[in-house]
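Me: I'm new to this one. Could you pick a single part and walk me through it closely?

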Amino acid sequence: MSKIAVVPGSFDPITVGHLDIIKRASKVFEQVKVVVMNNSSKQPLFNVEERMALIAEVTKSIPNVEVDSYGGLLIDYAMEVEANAIVRGLRAVSDFEYEMQITSMNRFLNENIETLFMVSNNQYSFLSSSIVKEVAKYGGNITGLVPEAVEKALKQKY
């Protein structure tokens, strides 16, 4: 059986924290599918195609990573691609409660797909796409918070 993991997110935009989780997952699983999910509660800066292109650019050196998008339930996507696991990054204790609710629902919908949590490196524990966008919007320094291609794309947007 192939070991396939799904790393979901809105990735608007992908940060070095996201990239860290993706790289670490790629060492554990044979195949990692990074899937851009549509989060109806958020107003994205980048459209789905732009986010996918940025993720593909910054993960091109990781051979077992593929980029995809999906507009439905994450668990349905995981079943479609025959994933064994969903990998989620945790920055702080505050992330855990929300992630636990999602994990419990996914387990209710399909108990055969496990959810694994990876704790972010301490240096990324404060980092979120929202914070990066806010700093970039007002011309702040985001070097080191996002990959270079993403920094360039943010500068073009703002």
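Reply: Let's start with Asp12, which is buried, with a relative accessible area of 5%. Keep in mind that this is a predicted model. Why does Asp12 count as buried? Because its relative accessible area is 5%, and buried means under 20%.

Where does it sit? Asp12 is in the loop between β1 (4-9) and α1. Leaving aside residues up to four places away in sequence, Asp12 touches Gln43, Pro44, Leu45, Phe46, Arg51, Ser129 and Lys133.

Two of those names lead us to helix α5 (residues 129-137), whose buried residues are Ser129, Val132, Lys133 and Ala136. Seen down the axis of α5, these buried residues fall within an arc of 100 degrees, so they line one face of the helix. Among the elements covering the buried residues of α5 are α1 (16-28) and α6 (148-157). After α5 comes Gly139, with a positive phi near 80 degrees.

Now for the strand on the other side of the loop. β1 belongs to an open sheet of five strands, in the order β3-β2-β1-β4-β5, with parallel pairing. The edge strands are β3 (65-70) and β5 (114-119), each pairing on one side only. Six bridges join β1 to its parallel partner β2 (residues 31-37), and Ile4 stands opposite Gln31 in β2. As for α1, it lies across β1, β2, β3, β4 (85-90) and β5, running at about 125 degrees to β5.

How values were computed: Residues are numbered from 1 along each chain as its sequence is written. This is a predicted model: local features need pLDDT of at least 70, side-chain atom pairs count only at pLDDT 80 or more; totals for chains, interfaces and linings use all residues. Side-chain values use heavy atoms; hydrogens and water are left out. Buried means under 20% relative accessible area, exposed over 50%, partly exposed in between (1.4 Å probe, protein chains only). Helices (H or I, at least four residues) and strands (E, at least two) are DSSP runs, numbered from the N terminus. The arc is that of the directions from the helix axis to the C-beta atoms. Contact means heavy atoms within 4.5 Å. Two strands pair if DSSP finds at least two bridges between them. Axes are lines fitted to C-alpha atoms, for helices over the stretch in contact, and angles run from 0 to 180 degrees between N-to-C directions.
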